[in-house]
Amino acid sequence: MKYWLDIEKEIKEKNLNVDMKLIREALLLAQESHIGQFRKSGEEYILHPVEVTRILIDMKMDTDTIIAGILHDVVEDTFITIADIEYNFGKNAAQLVDGVTKLKILPNGTKDQYENIRKMILAMSLNLSVVIIKLADRLHNMRTLKYMKPEKQISISQETLEIYAPLAHRLGIAKIKWELEDLALSYLKPKEYQELKKMIDTKKGQREKYIDAAIEILKVKIIDESKLKVTIKGRIKHFYSIYKKIYEKGKEFEHVYDLMGIRIVAENKRDCYHILGIIQENFQPVPGRFKDYISAPKSNNYQSIHTTVIGAGGTFVEIQIRTEEMDKIAENGIAAHWSYKEQTSITKKDQVYGWLRGVIETQQEGSSEEFVKGFTEELIRGTVFVFSPKGDIVELTSGSTPLDFAFYIHSDIGCKCIGAKVNGKIVPLEYKLKNGDCVEVITSKNAKGPGNDWLNMVVTSGAKNKIRKWIKEQKFEENIKIGRDLLEDEIEKIGMTIKEFEENKIVKKHLEKHNIPSLDDLCFQIAEKRSKLDVIITKVKLELEIEKEKNDRLINPIPSKVKVKEKIDRKKNDYGVIVEGIENTLIKFAKCCTPLPGDEIGGYITKITGITIHRKECQNYLNMIKLDPGRQIDVSWDNKIEESRVNKYKFAFNVFINNRNNVLADIISLISNHKILLTSINSSILSNNEAKIKIIIEIRDKNDYSILVNNILKIKDVLSIER
Ligand code: MN
């Protein structure tokens with residue numbers, strides 16, 4: 001089979017412990033599926049997945065990832081389905097192919113591009129292999145970019161530089177990052193790229209001499225004299241970093257010291273420090289150019305000691321010292337874990353993984369564009385290392401403030417932050433943290449919490465999102481309260497408790513229909529005027545009426561819809577009720593039990609509408625104070641109110657009658673003879689010859705009611721009266 005020998009050879013060279021038979025089958029399937037397809041270069045299509053696979057083998061990936069690399073384009077381009085792949089190669093490989101297939105990035109500039117990149121980033125949090133395959137895919141596409149149209153070359157290169165290279169960097173895969181950057185640069189800045197190449201080539205001979213001289217000294221001192229086992233090699237820096245120094249930072253080519261460097265790979269950590277000592281004894285170090293990433297690894301797990309020394313001819317030579325494992329991680333980053341650690345350790349405990357999850361979790365809200373921009377910003381920015389008071393190292397985006405630090409530690413600490421100390425001194429919250437700063441957050445239980453201005457005091461997207469979330473939640477809570485008060489007020493008018501309302505089937509249907517998850521959400525929407533309160537109340541009211549009407553139809557001699565008179569605004573001191581300990585409060589009389597002077601009454605403190613007066617025996621009232629006893633308040637009728645003052649209390653009662661056509665008319669005329677205002681009347685059939693009439697009137701007190709009741713009871717066919 002074509003290409004199999006190449007792949008087999010490479011797997012053997014890399015000593016990979018993978019399922020050769022299965023990988024061979026995958027190649028066979030890919031070859032059959034892509035038959036007759038060609039790339040823009042005119043080559044057979046299968047060459048592309050083969051090359052992608054070779055990159056993955058070079059990174060020492062596992063069986064599933066290699067198989068997914070071979071098959072990464074078959075689902076999109078051929079008749080093979082994910083189910084086919086799962087059947088033949090297992091669930092994991094199928095999921096990887098699915099993940100890569102779903103991540104096809106649309107051309108630059110289309111709005112959906114952000115959505116695609118967002119999907120890719122989210123997919124990473126599920127399985128990093130998907131991204132590694134994607135990076136390998138992109139790398140091979142960049143290597144063969146010359147066959148594409150110039151506009152495509154530019155847009156793909158830009159995307160590579162903006163998203164893929166930083167991503168490779170964050171995952172610590174330096175090898176891919178460098179190649180992607182150099183390739184992108186050659187398309188985006190072809191003139192500068194060629195210029196640079198020329199400059200490096202002319203200086204190369206001279207530089208190499210200096211480097212070789214330094215390597216000779218190191219070999220003698222380290223290998224011959226100190227008997228340490230090491231490999232020492234010269235290395236050339238990649239183009240893009242030199243380009244940035246010259247064209248973006250404006251350095252002279254002569255002053256780009258680390259054009260070339262030396263890398264020493266030692267057997268273990270102790271040797272690394274030993275070698276550092278040897279170097280310091282034999283060369284003059286350049287001040288400020290020493291970094292120990294062994295004791296404080298970079299967030300992408302990079303470990304190495306960097307030191308720059310003055311070599312022959314006064315040239316600066318950068319020397320990197322690391323162990324073999326560190327070297328592998330430096331080149332392959334997170335992918336190196338596959339060969340060094342159990343694969344499970346990469347998924348949950350890895351720092352990169354933690355960082356990734358953190359950024360993703362805090363970026364869930366907002367548009368795709370915001371998500372991608374926030375994410376790439378964090379990818380590209382440098383970092384600053386600071387200490388917590390306990391001495392833990394915390395890595396933050398450079399430019400971070402004590403507030404970023406506080407939110408990094410915990411949302412609560414951020415939200416309660418009122419100040420900060422750096423190295424023991426109070427600093428403003430917008431202070432820019434420096435490497436090595438020891439940061440202490442001052443919190444207060446009574447802190448008023450974040451405001452919009454805090455968004456300008458932080459740089460990490462994590463802190464930004466936590467602040468936004470807090471502000472939003474705060475508003476949510478407030479609005480729930482406002483909405484609930486408005487709602488309570490209305491449902492009280494139709495004689496319901498909030499609990500009855502919540503359990504009402506019309507209400508439930510309404511919430512379901514409008515996708516409102518809970519009563520709190522309804523309250524929130526009412527406050528935001530996104531849900532119309534009157535609509536739902538009318539719905540419930542109408543339904544109640546319809547239910548009644550069904551029953552009424554047989555005996556109803558008057559229309560069931562009697563217009564309810566508008567409520568009368570009473571003056572403050574006009575209620576006729578004394579509230580214990582409170583003056584000048586708004587009082588309302590409950591519609592459910594319509595208390596009258598002379599009744600035993602109790603008060604219920606509503607959230608904003610003041611106090612509602614119920615009869616003490618009212619079932620609603622008993623339920624409400626049982627649910628929230630703190631809202632109960634003692635009230636009594638004010639007996640000092642002059643007799644002349646007429647308080648009209650809305651009052652409801654039920655009359656039970658033998659079903660006869662004229663009873664209702666008799667009752668109505670009786671009420672009007674008593675000069676009592678009739679507000680509403682409604683009847684319903686209870687059985688063949690029994691009916692109930694609900695009457696709402698406006699009345700002065702219980703005494704008036706007693707007289708009325710006595711007279712109604714005298715009407716023929718009236719059976720009983722009930723409040
Ligand atoms: Mn591809």
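A residue counts as buried when its relative accessible area is under 20%, as exposed when that area is over 50%, and as partly exposed in between, using a 1.4 Å probe and protein chains only. With that in hand, let us walk through the structure. This is a predicted model, in which local features need pLDDT of at least 70 and side-chain atom pairs count only at pLDDT 80 or more, while totals for chains, interfaces and linings use all residues. Residues are numbered from 1 along each chain as its sequence is written, and side-chain values use heavy atoms, with hydrogens and water left out.

Let us start with helix H1, which covers residues 4-13. Helices here are DSSP runs of H or I with at least four residues, strands are runs of E with at least two, and both are numbered from the N terminus. Within H1, Glu8 and Lys12 sit four residues apart, so about one helical turn separates them. Their side chains form a salt bridge, with the closest N and O atoms 3.7 Å apart; the term asks for a side-chain nitrogen of Lys or Arg within 4 Å of a carboxyl oxygen of Asp or Glu. Glu8 is partly exposed at 22% relative accessible area, whereas Lys12, at 56%, is exposed.

Lys221 is partly exposed, its relative accessibility being 25%.

Arg723 and Asp599 meet through their side chains in a salt bridge of 2.3 Å, N to O. This pair links distant parts of the chain, 124 residues apart: Arg723 belongs to the segment after strand E20 (718-722), and Asp599 to the loop between strands E12 (587-589) and E13 (601-605). Arg723 is partly exposed at 25% relative accessibility, but Asp599 is buried at 8%.

Salt bridges can also join into networks, as Glu10, Glu51 and Arg54 do here. Across the whole structure, a search finds 19 salt bridges.

Finally, have a look at His614, placed in strand E14 (residues 611-615). His614 counts as buried because its relative accessibility is 1%. Leaving aside residues up to four places away in sequence, His614 touches several others, among them Cys592, Cys593, Glu600, Tyr604 and Met624; contact means heavy atoms within 4.5 Å.
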